[in-house]
Amino acid sequence: MMEREREQIDQIVSEIADIGVSADRIQRLESLLLDRPELQAHYASMIRLGTLLRCEIGDGSLQPFGDSSDLEDAPSSLAQHSCATLIDRVGRDVAEPFERPKLSMVLASLAAMVVIGLGWYFLHLTNDQMQGTVPQMASTETLRYDWSQDASGDLPLNSLRVRDARALEVLSRLTRTDAINCLWLPRCESKGTSGEQDSRWELSGGTAWIDSTFDGRERGYVISIPPGVRMDLSVDTDATCQNALGMVELNEQGKISGASMSFNNLSAGNSPVGDRLTGCIGQYSVTNDKATRKNFLIAGSYCVERPDGSGDWKQSDYALLYESADFLVIGFDDSGYPDVEIGEEVDRDRDFNDMCALIHFSGPGAPASPVSSGVSYVPEPIGDPANRVEKRSGYVLDVRPGEKVLLAVSSSANLQNSVRFIDTANRQVVWQHDGTEPGTLTSSFQQGQRGIYIIYNNSDTVRSYEIQGRSITDADRGEGGWIDSPHSVTDEGDNWVSIGFEDSPEIPKRVDWNDIRVHAWWYAD
């Protein structure tokens, strides 16, 4: 129920922004918020974010968005307040416990603020409210951004500690999680032209730690792009519950400095698998044309849904699935952290494919391809000439000259499933992963992650590969072994395709094309 009421609040605020202040809608908003501290906190978060965005559009001080005549009675010091002070003032006003008289006034004022800007809201505050009651924010950046050591000793020395309320508010909204109070960013030492005398700390790629009042310490990841490098990001999903992935740009001091975005797997009703989107749900490209690094903080979150329709958002754990000079693959898992109580209805499959960020680096500042001619494989192929498969039963993909294809393989199955990649020119098996025999399983699920595989084609001819899926039961082991699994293209785009394999096609209610799942992306430098 809580999630539905939050959505109603979001809808009402959106309507107010689109069509103006509505008395009926304000009354509905009041009824939702009265005596509901959790929903009041959600509404306060929305208003603080709106305040932040208003300020960020301007120069960091109050910029009226309505007719100037609306502000003729405003306090003379209105435009002198910093963005941080304005955000704090709005946050304090809406975060205090709401009683009915105050609630009506605050809702009316803040609703109007959504329409014509911050000026209207602060016009309806008295001079006493604007002066003397607002706590003084830190006058120096060092109290909000500083190289520090975590008191617990669990983090690397001299991580960049971020306690900027504005930055944490944006991060909270992007991850849909509440009460983020501190962010720890990874760092490295940069040597200047004069050596040690010119060295300094700066952000680097790696784990970021996010401290939350309610959920403890969680993790995100900083993607660091060197000068002259292009980043192509693809976001892939394979999850049944609601998942989201948020990303925000940081400058070398750790401050939010540019793009921010969020991806989620809410179904548009056209997905052939389940009731959530699968496959690629978004792409983003950026080239770093600056002399310093571009940095992006990325973090996943998921909603633990209950039978009554309510749900709570929690942050996803991540695993670095693959890292090289030209590729970075980060998988996020919606079964949470090992010590987080998430409910018996959520199975901890720990497959790290519920949301997946696939990043390709290219451009003049990127390293050269690992092979200058011919065809190269990562990891190294099996290389057994006797391991040949003549039978054709799978999906065939082509890799043209100058292309490279990244293949991410996962499984969500109880039966033992196998995947193999076959070079169609000689029918030799390049890679093969047979999963885990039932007697050695530690859970009811087979191994979720089956690996990341890359083909570099720097030859002069098109190379073709067949992907085959197979399954086996205890009965099959005594009757002849592996059974070929049918496949289906579950989704595709201009440079990607998702292929699913099914181990129980004879049982309609079990068909999900997810027992082996292969996601393929093509790139050309």
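Where is arginine 427 found? Arginine 427 turns up in the loop between β20 (416–423) and β21 (428–433). A heads-up before the rest: this is a predicted model, in which local features need pLDDT of at least 70, side-chain atom pairs count only at pLDDT 80 or more, and totals for chains, interfaces and linings use all residues. Residues are numbered from 1 along each chain as its sequence is written, and side-chain values use heavy atoms, with hydrogens and water left out.

**The chain overall**

- The protein chain has nine helices and 27 strands; both are DSSP runs numbered from the N terminus, with helices being H or I over at least four residues and strands being E over at least two.
- Of the 525 residues in the protein chain, 50% are buried. Here buried means under 20% relative accessible area, exposed means over 50%, and partly exposed is in between, using a 1.4 Å probe and protein chains only.
- Take the contacts (heavy atoms within 4.5 Å) between residues at least 6 apart in sequence: 67% of them join residues at least 24 apart.
- The accessible surface of the protein chain comes to about 23,700 Å², and 48% of that belongs to carbon and sulfur atoms. Areas like this come from the Shrake-Rupley method with a 1.4 Å probe; for residues, only the protein chains shown count as cover.

**The six-stranded sheet**

- Six strands make an open, antiparallel sheet, running in the order β17-β22-β19-β27-β26-β25. Two strands pair if DSSP finds at least two bridges between them.
- Why do β17 (374–378) and β25 (487–492) each have one side left without a neighbour in the sheet? They stand at the edges, each with a single partner strand, so one side of each is left open that way.
- On average, neighbouring strands of this sheet are turned by 20° against each other, direction ignored. The axes behind that angle are lines fitted to C-alpha atoms, for helices over the stretch in contact, and angles run from 0 to 180 degrees between N-to-C directions.
- Strand β19 (residues 403–410) pairs with strand β27 (residues 516–524) in the antiparallel sense, over eight bridges. Alanine 408 has histidine 519 in β27 as its bridge partner.

- Valine 378 and proline 379 are joined by a cis peptide bond, with omega at about 0°. Proline 379 has its place in the loop between β17 and β18 (395–399).
- Back to arginine 427: its phi is positive, about 65°, although the residue is not a glycine. Arginine 427 counts as buried, because its relative accessibility is 4%.
- Tryptophan 513 also has a positive phi, near 50°, in a residue other than glycine. You'll find tryptophan 513 in the loop between β26 (496–501) and β27, and at 23% relative accessibility it counts as partly exposed.

**Cysteines**

- A search of the whole structure finds zero disulfides, a disulfide being a pair of cysteine sulfur atoms within 2.5 Å.
- For cysteine 241, the nearest cysteine sulfur is that of cysteine 303, 7.5 Å away, and cysteine 241 is in no disulfide.
- Cysteine 241 counts as buried at 15% relative accessibility. Cysteine 182 counts as buried too, at 7%.

**Arginine 187**

- Arginine 187 lies in strand β4 (residues 187–192) and is partly exposed, with a relative accessible area of 22%.
- How far apart are arginine 187 and serine 159 in sequence and in space? They are 28 residues apart in sequence and 5.9 Å apart in space, C-alpha to C-alpha.
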